[in-house]
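Work through these exercises with the structure open. Try each task before you read its solution.

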Amino acid sequence: MRTQGLSFVALLIAAAAFAAAAAHAGDIGASPSPAASAAYDPAALPAGDLGDSIKLGRDIVMNTQQTMKGYVRAKLECASCHLDGGTVAKGGSFIGTASYFPQYNRRSNRIIALQDRLAECFLYSMNGRAPNYASKEMVGLVSYIAWLSRGTPLLSTPSPANRFIEPLPSASPDLAHGATIYKQQCSLCHQASGAGVAGAFPPLWGDTSFNNGAGMAHIDRMTGFVMHNMPKNAPGSLSLQESYDVSGYVLSHGRPAFAGKTLVENSPLPADYY
Ligand code: HEC
Ligand code: HEC
């Protein structure tokens with residue numbers, strides 16, 4: 001009972017801190033910059049079916065739990081890692097992404113299309129399964145990412161300025177230091193258990209988190225993500241070493257294992273040709 005009371009109070013404090021942070025978003029950069037918002041303005045979408053498909057893609061990225069039931073097991077939204085729907089530089093940005101595909105993929109040792117890359121985030125980050133490539137959901141995601149990438153020349157190279165991956169210190173992370181940082185700067189929202197709070201703060205480890213095949217399970221990715229985007233109420237406040245230590249601590253906990261050797265097969269969806 002007592003712990004529950006305490007964590008409820010912690011949650012209230014976290015919510016208040018978060019609201020205060022949002023109110024001062026201009027000062028600390030917790031909210032999308034004006035340029036980022038311009039990347040997705042619903043009023044600027046093409047009219048008709050294409051606009052609807054882009055909107056659906058945006059909705060899936062923001063509300064994955066609601067829109068992709070049955071495809072995702074992790075209690076995450078795409079936007080838990082692709083901040084503000086993938087419009088934030090160094091916050092999992094999708095701006096330009098459509099123009100990097102087709103691309104060589106080391107993991108599957110072949111050239112992949114954007115749909116294949118999307119399937120990877122379903123398999124690993126969402127610990128789920130990929131929707132059919134011809135489904136309106138998959139096409140919606142492709143439409144949305146293509147819209148955010150409009151103007152980027154085809155087959156560009158990803159811009160390092162958009163990426164959060166960081167070169168790591170040579171020594172191993174200091175897990176005890178990481179545990180202290182976690183307690184002081186992360187547990188308020190993500191909870192001491194790492195399980196987060198459904199609908200508010202995403203899980204960082206445990207059964208409901210991303211699986212061990214996910215990009216975020218690599219310490220170089222998590223370190224960069226944390227350094228540029230966390231804690232949510234004071235992003236940019238942690239040094240590389242602090243981000244590295246706390247990410248090491250987060251990743252020292254258990255998470256779902258990827259089943260391995262998963263075959264993504266799409267049986268054709270019905271379509272009439274004229
Ligand atoms: C747990 C965090 C996490 C979640 C949740 C997540 N992703 Fe990702 N995603 C990543 C990471 C990490 C990368 C690699 C980023 C990099 O290399 O800079 C990535 C990369 C991608 C890319 C390639 C981007 C590029 O420019 O190369 C796409 C597309 C993508 N994710 C889509 C999605 C979609 C759609 C969802 C929801 C169904 C999703 N992701 C959920 C972490 C996540
Ligand atoms: C004020 C609340 C808050 C604090 C404090 C906070 N986070 Fe987060 N964190 C969030 C929210 C909310 C998201 C989802 C993305 C978004 O909405 O910006 C998130 C997303 C994440 C993610 C990617 C999604 C996932 O669940 O894997 C990681 C990793 C992460 N936080 C790590 C940390 C670490 C490490 C700290 C401490 C240094 C921290 N966070 C502190 C609120 C917080």
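Two exercises follow, after a note on conventions.

This is a predicted model: local features need pLDDT of at least 70, side-chain atom pairs count only at pLDDT 80 or more, and totals for chains, interfaces and linings use all residues. Residues are numbered from 1 along each chain as its sequence is written, while chains are lettered from A and ligands numbered from 1 in the order in which they are written.

**Exercise 1.** Describe the shell around ligand 2.

*Solution.* 
- Step 1. The shell holds 28 residues, and C186, C189, P202, P231 and K232 are the closest. A residue belongs if its C-beta atom, placed from the backbone, lies within 6 Å of the ligand.
- Step 2. Sort them: 23 are nonpolar, 4 polar and 1 charged. Nonpolar means Ala, Val, Leu, Ile, Met, Phe, Trp, Tyr, Cys or Pro; charged means Asp, Glu, Lys or Arg; the others, Gly among them, are polar.
- Step 3. Domain 1 (34-162) and domain 2 (175-251) both give residues to the shell, so ligand 2 lies between them. The domain bounds come from an automatic or database assignment.

**Exercise 2.** Find which residues of α9 are buried and which are exposed.

*Solution.* 
- Step 1. Count other C-beta atoms, placed from the backbone, within 10 Å of a residue's own: 20 or more is buried, 12 or fewer exposed, in between partly exposed.
- Step 2. G178, I181 and Y182 of α9 are buried. They cover an arc of only 105° around the axis, which puts them on the same side of α9. The arc is that of the directions from the helix axis to the C-beta atoms.
- Step 3. A176 and Q184 are exposed, on the other side of α9.
- Step 4. H177 also lies in α9. H177 has 16 C-beta neighbours inside 10 Å, so it counts as partly exposed.

Conventions: Helices (H or I, at least four residues) and strands (E, at least two) are DSSP runs, numbered from the N terminus.
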